[in-house]
Amino acid sequence: MKKYLIAGNWKMNFLKNETIQFAKELSSKLENRALEQVELLICAPFTNFHYLQNNLSDKWSFGAQNMHFADSGAYTGEVSPLMLMDAGCEYVILGHSERRQYFGEDNELLTKKINSALNHKLKPIFCIGETIEERNRNITFDILNQQLEVLKNVEPDLLSNITIAYEPVWAIGTGLTATTEQIAEVHSWINNYLQTNLSTSLKILYGGSMNAGNSAEILAIDNVSGGLIGGASLKVDQFMQIIDNAINLS
Ligand code: PEP
């Protein structure tokens, strides 16, 4: 039986009032749901943590969408792993394609961030995925291979605290979803990679336009341990349907 992780990535959305209203609505809809086999997580903007925590039940875990690798110091505008722990975070998304694309995050930086998160007992959700151009050139697995190199520089004992999110860049925020065959193929490849190169098995989430309508089919695929959900995690009904689909499949 799978224990699904359903993780919302709010990106740079929601002010105080929207956050409180969303949290209250979601909490009331979740009452009486059997959540033993489903872990619920919201990765919100830093400014919303407090409002979420005050208005969501303890069924929820919280996460950030980025962090600096240092504990403290002269890094204007950055947030450290210690601060995230202090603010009640359990998870941190690292290597999201938007961070790679707009902020130039590469393997060297991500190695520092992942190790720092792990040393502070934060659980990284490590995002990997190919662009459409890379898929069309048939180099998807070369790209994933390069991105996963980061994990070879992690203390083997700490690897089990990492969750992988396979997010084809062309499916993020576009309404295009990878087909079940594509997802099954890539997730199985990642699983083999982890076993062969790192002697481990990790949770592997799918991310990329997952929504109420396609989530049941995606979550049922072998080696899919949950979802990293952007747009649909900002809509209570959509997010609830994805959670319900995970409950029904678990
Ligand atoms: C994401 O940002 O990780 C994501 C998967 O976004 P969306 O669900 O909107 O495609």
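**Close-up views of a predicted model**

**View 1. Lysine 121 sits in a loop.** Lysine 121 belongs to the loop that links helix H5 (107–119) and strand E5 (123–128). Helices (H or I, at least four residues) and strands (E, at least two) are DSSP runs, numbered from the N terminus. The model is predicted: local features need pLDDT of at least 70, side-chain atom pairs count only at pLDDT 80 or more, and totals for chains, interfaces and linings use all residues. Residues are numbered from 1 along each chain as its sequence is written, and side-chain values use heavy atoms, with hydrogens and water left out. Lysine 121 counts as exposed because its relative accessibility is 68% (exposed is over 50% relative accessible area, buried under 20%, partly exposed in between; 1.4 Å probe, protein chains only). Not counting residues up to four places away in sequence, lysine 121 touches Met85 and Glu90 (contact: heavy atoms within 4.5 Å). Proline 81 is 40 residues away along the chain, with 9.0 Å between the C-alpha atoms.

**View 2. Asparagine 191 lies in helix H8 (residues 180–198).** With 15% relative accessibility, asparagine 191 counts as buried. Its side chain makes a polar contact of 3.2 Å with the side chain of asparagine 223. A polar contact is a pair of N or O atoms within 3.5 Å; within protein, one must be able to donate a hydrogen and the other to accept it, and residues adjacent in sequence count only if both atoms are side-chain atoms. Leaving aside neighbours within four places in sequence, asparagine 191 contacts Ser201, Ile204 and Asn223. Leucine 202 is 11 residues from asparagine 191 in sequence and 7.5 Å away, C-alpha to C-alpha.

**View 3. The largest nonpolar core has 67 residues.** Such a core is a set of buried Ala, Val, Leu, Ile, Met, Phe, Trp, Tyr and Cys residues joined through side-chain atoms within 4.5 Å. Leu151 and Ile164 touch the most other members. Helix H10 (residues 236–249) supplies the largest share of this core, 7 residues. Beyond neighbours within four places in sequence, leucine 151 contacts residues including Ile114, Phe126, Ile164 and Leu198.

View 4. A ligand oxygen atom lies 2.6 Å from a polar backbone atom of glycine 173. For serine 209, the distance from a polar backbone atom to a ligand oxygen atom is 2.8 Å.
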